[in-house]
Structures are given as C-alpha cells and as structure tokens.
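I opened my notebook to look up a few things in this protein. Here are the entries, in the order I made them.

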Amino acid sequence: MSTDTHSHDDDARAEPTPDAANANAPLTPEQLMQAATARIAELEAELVEMKDRWMRAEAETSNVRARGRREADDARQYAVQKFATDIVEAAENLKRGIDALPAATAGEPDILVKVRDGLAGIERSFTGVLERNGIKKEDPVGRPFDPNLHQAMAEQDSEMHPPGTVMQAWTPCWTLNGRLLKPAMVVVAKAATSELPASGTKLDTTA
C-alpha cells in the first residue's frame, strides 16, 4: 500500500506541467520572427536615443569651444585697453604741444623750425605705431554727429554746416580694434536763428 502511494507520487512529479512543456518546446518560425522584430525595434530605439545624446553633446562641445575662442580673442584684443587709453592721452598731449608753438613765419629762428618739424615727425611716427597696434584716430569734423563715437560739448549756430554736423573737434575719436576707446569732444552745428524785427517795428511789405 505504501509502496504504491510512493510510486504514484513519483510518477506525478515526473510528468511535466503544460506550462513547463510549452516553455521547453521549440519556438515556431512565427514566434522567432516576432521576437527578432521586437528586439530590432528595441535596438533601433536605443540607437536613436544614443544618436540624439551624441548630437546634443557634440553641439554643447562646439558651443563651448566657440565661446572659449571668443573670450580668448576678446582678452587678447582688449586686455591692453587701459594702457591704450593712457597712450592716446599722451598722443593728444603731444598734439597740444605742437599746436601751442608759434605759427610758422618767414625769417623765424632755425631752432624753432627744427623743433616744430621734429615734433611733427614724432607725432606722425607715434600715430603710425598706434595704428599698427589697432589704435586708430578719427577726425570727426564735417561728419554727422554720432552719439556712439562723439561727445557733444556745445551746440553752435552755423550757416556753413548742416544742423547736426560736427563743426569743431576739441579732441579726435580713438578706437581700439574697432571698439570705442575714447569719444571725440565736439561742437555740433545747429540751424542759425533768424533775426526778428524789434518789438513794435512793422515789416515793410510793399513791393
């Protein structure tokens, strides 16, 4: 009795369940195709995601490089701005010294001629050195007033200059590599005011 019971239990354990039998059974071609298609779809989705991440990283790296180049260029071009400002102040003082010399006249002492010519030569050479290093001087006289480059010190009536034109410059405009270094101090022309008759005076309208 006992032996038959154990034999029956062993037979029950030996027989596979339907699920286990299905799990061990080979997949049909349709099932293999479905599994392969699903896996391919997963890999394609992963590839798209990885490509998107790579493109974002590449764009960010490119932006960082471009920003670094711009900052390096700015630092290289404008690091000397304070020094350049002092230099143009010296150039303006040199010009003031030349302008303060007496005007050339016939029969003036040779020493005065040599001093004037020598200082003029020094100014030309000095200006040339500044221009080769990106510091340029601009005479604004005769040009329209530009608030980005000029600082108006006064307005003056003028019949010789259109309104809004720089008619006189106390100092030139200086730029460093195209960027404003020091604005020109200028006098701007305005329309001349017409003279009105005195109070009580009648205008003669007869032909």
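Are R116 and E108 buried or exposed? I looked up both: R116 is buried, and E108 is buried too. Buried means under 20% relative accessible area, exposed means over 50%, and partly exposed is in between (1.4 Å probe, protein chains only). The two residues form a salt bridge, with their closest N and O atoms 2.8 Å apart. A salt bridge here is a side-chain nitrogen of Lys or Arg within 4 Å of a carboxyl oxygen of Asp or Glu.

**Ground rules**

I noted that this is a predicted model, where local features need pLDDT of at least 70, side-chain atom pairs count only at pLDDT 80 or more, and totals for chains, interfaces and linings use all residues. Residues are numbered from 1 along each chain as its sequence is written, and side-chain values use heavy atoms, with hydrogens and water left out.

**Overview**

I found five helices and six strands. These are DSSP runs, numbered from the N terminus: helices are H or I with at least four residues, strands are E with at least two. Along the sequence the pattern reads α-α-α-α-α-β-β-β-β-β-β. The protein has 207 residues, and 17% of them count as buried. I then looked up contacts, meaning heavy atoms within 4.5 Å. Among contacts with a separation of 6 or more, 62% join residues 24 or more positions apart.

**Salt bridges around E92**

A search of the whole structure gave me 13 salt bridges. I followed E92. Its side chain meets that of R96 in a salt bridge (3.5 Å, N to O). Both sit in helix α4, four residues apart, so about one helical turn separates them. E92 is buried at 4% relative accessibility, whereas R96 is partly exposed at 41%.

Which residue does E92 bridge to at 3.0 Å? The partner is K182, and 3.0 Å is the distance between the closest N and O atoms. E92 lies in helix α4 and K182 in strand β5 (residues 179-182), so this pair ties together parts that are 90 residues apart in sequence. K182 is buried, as is E92. I wrote down the network of salt bridges as well: E89, E92, R96 and K182 are linked in it.

**Helix α5**

I looked up the length of α5. This helix has 23 residues and reaches 33 Å from its first C-alpha to its last, close to the 33 Å expected. The expected span is 1.5 Å times one less than the number of residues. R116, E123, T127, G128 and L130 are buried in α5. What do the buried residues of α5 pack against? They pack against α4, β1 (135-138) and β4 (173-176). G134 follows α5, and its phi is positive, near 85°.

**The largest pocket**

The largest pocket has a volume of about 230 Å³. On a 1 Å grid over the protein atoms alone, a pocket is an open set of points where a 1.4 Å probe fits, with protein on both sides within 12 Å along at least five of seven lines; lining residues have an atom within 4 Å of a point. Points are joined across faces, edges and corners, and the volume is the space filled by probe spheres set on them. I counted 15 lining residues, and K95, K137, W170, T171 and P172 are the closest to the centre. α4 (81-99) and α5 (110-132) are the elements that give two or more residues to the lining. α4 gives the most, with five.

I took P172 next. It lies in the loop between β3 (166-169) and β4, and at 19% relative accessibility it counts as buried. P172 and K137 are 35 residues apart in sequence but 6.3 Å apart in space, C-alpha to C-alpha. Leaving aside neighbours within four places in sequence, the contacts of P172 include E92, K182 and A184.

A184 is in strand β6 (residues 184-191). It is buried, with a relative accessible area of 0%. Beyond neighbours within four places in sequence, A184 touches residues including L149, H150 and C173.
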